[in-house]
Amino acid sequence: MFIGREKELQKLNKMNNKKGFQFLVMYGRRRVGKTTLLKEFLKDKSGIFFVAEEFNDTIALNKFSELILSHFKMSNLIDKFLSWEKAFNFIGEKSKDERIILIIDEFPYIANSNLSILSLLQNLIDQKLKNTNLFLILCGSSISFMEKEVLSEKSPLFGRRTGQMKINSFGFYDSIKFSKKYTKIDSVINYGILGGIPQYLNKFDYNLNIEGNIKENFLDSSSYLIEEPKNLLRQELREPAIYNSIIESVANGYTKISEIATKIQERPDKTSKYLNTLIELEIIEKEIPITEKINSRKSIYKLKDNMFKFYYRFIFTNFSLIEQGMIDFVYDKKIKP
């Protein structure tokens, strides 16, 4: 079920209806619905959708080649491309006379395994692709990478894009479209637990009440959401244990850097670096008093993501009880009050 994102779909279709080369950069945190949006956009169109994975450059190129040749029904006629340049040149030739949509999802995986891909794309766009009808969409979940390496002035691709789109989590009014069976008060509570992340909102069964959904999705040791925040951190970070400790501290009311550093037994300067990483991931946000400078010690940190806030306050700290099967106790004594 596709909900919301009407403006984003409208922009994608508007760009697609324009003549000539189009290049869109799309990014946003994991689970926010970028892939679902792009699939909805492609639903009534012929396009190539490549999802990159953490492979080395050779395997990534082979998989890309297979998809391209399969799309044009030429798998038995042409060998796999020996370079990314040849693959993109082939697509460029095919898109001279017709609109071809090429989506590369999780583009940072390719860029991390091939450090020259950004410069290669720059040259291809300048020399050939800008004269075609290709609609190229590069999409990524690593916000810092997409902003610094693809969108910034220092990027080889700077000035080449014809559009950019940051996909944010849903606000409250879009989020309640998932929970139409709930009362308004329960919809507010639901948003307080899950925030506006579509993948999490889809996990709840709205035939169950709030209590039933919490027990089924957070207090059942085999459920998806009980491991989700920790899995996200493992995907993004090298030292998830430290980040777990920081997030738990903030969730439980330690908001100043000195308090957080004392709680996790790390130096304030080192703690600050970890916090900045969590800010880039849009899990934590920093609030600075309006009369203070940006590096003020009076600044406070709080969790930006509702689900992380709920999880690290109620689930992470009670994990041993949950593992013992004390579901009713955790809900009645820890969460419900």
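Visitor: Which residues does UniProt list for "domain: ATPase"?

Guide: The unreviewed UniProt entry lists residues 2-203 under that name, where positions are given in the numbering used here, feature names are shortened, and annotations may be inferred rather than shown by experiment. The structure is a predicted model, in which local features need pLDDT of at least 70 and side-chain atom pairs count only at pLDDT 80 or more, while totals for chains, interfaces and linings use all residues. Residues are numbered from 1 along each chain as its sequence is written, and side-chain values use heavy atoms, with hydrogens and water left out.

Visitor: Why does leucine 82 count as exposed?

Guide: Exposed means over 50% relative accessible area, buried under 20%, and partly exposed in between, using a 1.4 Å probe and protein chains only. Leucine 82 has 72% relative accessibility, and therefore counts as exposed. Its place is in the loop between helix H3 (57-71) and helix H4, where helices (H or I, at least four residues) and strands (E, at least two) are DSSP runs numbered from the N terminus.

Visitor: Why is arginine 5 called buried?

Guide: Arginine 5 has a relative accessible area of 7%, so it is buried. It sits in the segment before helix H1 (6-17), and its phi is positive, about 65°, although arginine 5 is not a glycine.

Visitor: What makes glutamate 282 count as buried?

Guide: At 16% relative accessibility, glutamate 282 falls under the limit of 20%, and so it counts as buried. Its place is in the loop between helix H15 and strand E6 (284-287), and its phi, near 60°, is likewise positive in a residue other than glycine.

Visitor: Why are strand E2 and strand E5 called edge strands?

Guide: Two strands pair if DSSP finds at least two bridges between them. The open sheet of five strands has the order E2-E3-E4-E1-E5, with parallel pairing, and E2 (47-51) and E5 (163-166) are its edge strands, since each pairs on one side only.
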